[in-house]
Amino acid sequence: MTKITVAKSAGFCFGVARAVDKAFDLADSGVNAVTLGPIIHNPQIVKRLEQKGIRSVASVDDIENGQTVIIRSHGVPLSVYDALNGKEVVDCTCPFVLKIHRIVAEQSALGRVILIAGNKEHPEVQGIKGHCGGPVFTFETLEELTEILDNLKQNREKPVAIVAQTTFNQELWRNFQQNIENLYTNVSIFDTICSATSCRQQEAVEIAQKSDYMVVIGGKDSSNTRKLFQICSRYCETVLIETKSELDKLQILRHNSIGVTAGASTPADIIKEVLNTMSEIIKDQGEELDFAELLEQ
Ligand code: F3S
């Protein structure tokens, strides 16, 4: 018998669902709107939105007169809000990201150097940087953090505030927290990893530990999906797929205990299609199937 365990936390988080719903609502109301960057890191949803008349633009310069601008859940730097002045804006920045914007603005105003644990190329991190009123550094590893703090020590231990990208790896973040006291004295730490991310990563670990094959569903450009892939890969053979067409039939038939999870930007219907295809593959071979946990959507 093949056992499939599906993460309850798989799929859209609150912030993504809110932004995507808003964009589709605007499309259905016939509003002439564009999104500033893809609404989420999921090509299928971006395409569906395009078919409804809402496309993504790369920069403020690409917005035409009269167009409504949708700011996605990742948020944008302060300079972008300034550039959008006078335009109709629907701000779908996730409230958890807005909270980080407030923290870094306040801490910068208090004279603290801001350190962001996260991917410096990621739009959320670029947005956070753009709300810092003073020096700001990003890091992803303990080595990078140590180097930044060593340099700051030469400047009489300037006060430091550390925040994390909402989807940062929970284990790495805990590791930074454990080491920070030995590295620097004048530091305030703000735990800004979103609870949806912590739950999703924790559940991925639990399922991967008891599975021998993990299927992670989500956009290959999605940072939180890629993190799930990395986390699961530590415990068992793992594959990252965007749609059911990438499922490897032989791999599915080779394993008896399969786990499934999905990133925060993966739509429920894509997850369901993958699950249906997996169950068809298994049943077609005359195998019995046990769904340990079904999606709660
Ligand atoms: Fe918001 Fe957390 Fe999702 S920050 S966009 S609810 S992953």
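Predicted model: local features only at pLDDT ≥ 70, side-chain atom pairs only at ≥ 80, totals over all residues.
**Exercise 1.** Describe the surroundings of the ligand by residue, by element and by class.

*Solution.* Step one concerns the residues. The ligand is surrounded by 14 residues, of which the closest are Cys13, Gly15, Cys94, Thr166 and Cys194.

Step two concerns the elements. Two or more residues of the shell come from each of α1 (14-28), α4 (95-109) and α8 (195-209). The largest share, three residues, is that of α1.

Step three concerns the classes. The shell consists of nine nonpolar and five polar residues, with no charged residue.

**Exercise 2.** Are Cys13 and Cys194 buried or exposed? Locate both residues and name their contacts.

*Solution.* Begin with Cys13, which sits in the loop between β1 (2-6) and α1. A residue is buried if 20 or more other C-beta atoms lie within 10 Å of its own. Cys13 has 23 C-beta neighbours inside 10 Å and therefore counts as buried. If residues up to four places away in sequence are not counted, Cys13 touches Ala196 and Ala264.

Proceed to Cys194, in the loop between β9 (187-189) and α8. Cys194 has 24 C-beta neighbours inside 10 Å, so this residue is likewise buried. Beyond its neighbours within four places in sequence, Cys194 is in contact with Phe96, Thr166 and Thr167.

**Exercise 3.** Identify the residues with the most contacts inside the largest nonpolar core, and examine one of them.

*Solution.* The largest nonpolar core has 48 residues, and those with the most contacts inside it are Ala23, Ile39, Ile70 and Val163. Apart from this core lies another, of 28 residues, including Ile207, Met214, Ile231 and Ile282. Take Ala23 as the example: neighbours within four places in sequence set aside, Ala23 is in contact with Thr35, Ile39, Leu49, Ile54 and Ile70.

**Exercise 4.** State the division into domains and characterise the meeting of domain 1 with domain 2.

*Solution.* The assignment gives domain 1 (2-12 + 196-293), domain 2 (14-93) and domain 3 (96-189). The C-alpha centres of domain 1 and domain 2 lie 30 Å apart. Where these two domains meet, twelve residues of domain 1 are in contact with nine residues of domain 2. The side of domain 1 that touches domain 2 comprises five nonpolar, five polar and two charged residues.

Note on methods
Residues numbered from 1 in each chain as written. Core = buried A, V, L, I, M, F, W, Y, C linked by C-beta atoms within 7 Å. Buried ≥ 20, exposed ≤ 12 C-beta atoms within 10 Å, placed from the backbone. Contact = placed C-beta atoms within 7 Å. Near = placed C-beta within 6 Å. Helix = DSSP H or I, 4+ residues; strand = E, 2+ residues; numbered from the N terminus. Nonpolar A, V, L, I, M, F, W, Y, C, P; charged D, E, K, R; others polar. Domains from an automatic or database assignment.
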